[in-house]
Amino acid sequence: MKVVLFCGGYGMRMRNGAADDVPKPMAMVGPRPLIWHVMRYYAHFGHTEFILCLGYGASHIKNFFLNYEETASNDFVLRNGKPELLSTDIADWTITFVQTGIESPIGERLRRVRHYLDGDEMFLANYADVLSDVPLPDMIERFSNSDAGASMMVVPPQSSFHCVEMDEGGRVGSITAVSEMPLWENGGYFVLRQEVFDHIPENGDLVADGCGELAKRGRLLAYPYRGFWKPTDTVKERAALDYAYSHGDRPWALWERPAASIA
């Protein structure tokens, strides 16, 4: 199944200043950028055809793959001054790079790569900046067995804030952590059918317009997940993932597990 990755946003909260034009998916976690970790996750399950919706900082993403250095994340033997790889990351990947506009919302980015999907009935999509160990084959199977037009992974709220219930006099009746409330938020992992394009207008949004309209029609499927899921919207969140990676705590890296199998 083809994988559409939205990687053209500004990522303002991840930038170190006006001169920093590196897009958020290129923020480093270990020796590789976020987008590589996301792509490696999909490739683990056999999905190796990628369509990158580029925008801001596109040159950084293009140059990374055009000058890809396999030895950064693969074992190798140096013989006569030349590396002989013992394994490879991207040799079987097909990556389509598409400039989808600097200011385009995600729905419009998706519309602009529709013809690269070759009319495939189903395809995958991701924001390219969220890491998870969600069981992708199960998510796909549940969706394919339904008649829904789209499926989105949903996760419990990540906020550390608390909500306060009070009466008209200001007396507090209860205090509840947002994370403990019966709420779910968009987790950024999608399985989509071509039908979603029927509900995304020009310059529209994938979630607010496409998924929103499907939800009204009872054709949006949620995949609740309480396992590992980490966004990287801020420098702090990216640094936490980088720290975890350097200390061997990387549950999203399913390809590193000895007993891992492709389903």
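**Questions about a predicted model**

Biologist: Good to know! Which residues go into the totals for chains, interfaces and linings?
Modeller: Residues are numbered from 1 along each chain as its sequence is written, and side-chain values use heavy atoms, with hydrogens and water left out. As this is a predicted model, local features need pLDDT of at least 70 and side-chain atom pairs count only at pLDDT 80 or more, whereas totals for chains, interfaces and linings use all residues.

Biologist: Back to Asn203: what value is its phi near?
Modeller: Asn203 sits in the loop between strand S13 and helix H5 (206–216); helices (H or I, at least four residues) and strands (E, at least two) are DSSP runs, numbered from the N terminus. Its phi is positive although Asn203 is not a glycine, and the value is near 60°.

Biologist: And Asp118, which also has a positive phi: in which loop is it placed?
Modeller: Phi of Asp118 is near 55°, positive in a residue other than glycine. The residue is exposed, with a relative accessible area of 58%. Its place is the loop between helix H3 (106–112) and strand S8 (122–126).

Biologist: Let's zoom out. What is the radius of gyration of the protein?
Modeller: The globule rule is 2.2 Å times the number of residues to the power 0.38, and the radius is taken over C-alpha atoms. For 263 residues, a compact globule would be near 18 Å. The protein agrees with that, at 20 Å.

Biologist: How much of the chain is tucked away: what percentage of the residues counts as buried?
Modeller: The protein has 6 helices and 15 strands. Contact here means heavy atoms within 4.5 Å, and residues 24 or more positions apart account for 74% of the contacts with a separation of 6 or more. Of the 263 residues, the buried share is 46%.

Biologist: Which residue in S13 is the bridge partner of Leu124?
Modeller: 7 of the 9 residues of S13 are buried, so this strand too is largely enclosed by the rest of the structure. S13 runs antiparallel to S8, with 5 bridges between them. The partner of Leu124 is Val191.

Biologist: How far apart in space are His162 and Phe190, C-alpha to C-alpha?
Modeller: His162 lies in strand S11 (residues 162–166). Setting aside residues up to four places away in sequence, it touches Ile175, Thr176, Ala177 and Val178. Between His162 and Phe190 there are 28 residues in sequence, and in space 29 Å.

Biologist: Now helix H6 (residues 235–246): how far apart are its end C-alpha atoms?
Modeller: The expected span is 1.5 Å times one less than the number of residues. For the 12 residues of H6 that gives 16 Å. The model agrees, with its end C-alpha atoms apart by 16 Å.

Biologist: Within what arc do the buried residues of H6 fall?
Modeller: Leu241, Ala244 and Tyr245 are buried in H6. Seen down the axis, with directions taken from the axis to the C-beta atoms, these residues line one face of the helix because they fall within an arc of 100°.

Biologist: And which residues are exposed on the other side of H6?
Modeller: The buried residues pack against strand S2 (28–29), helix H1 (34–44), strand S9 (130–132) and strand S15 (229–231). On the other side of H6, the exposed residues are Lys236, Tyr243 and Ser246.

Conventions:
Buried < 20%, exposed > 50% of the residue type's maximum accessible area, 1.4 Å probe, protein only. Pairing = 2+ DSSP bridges.
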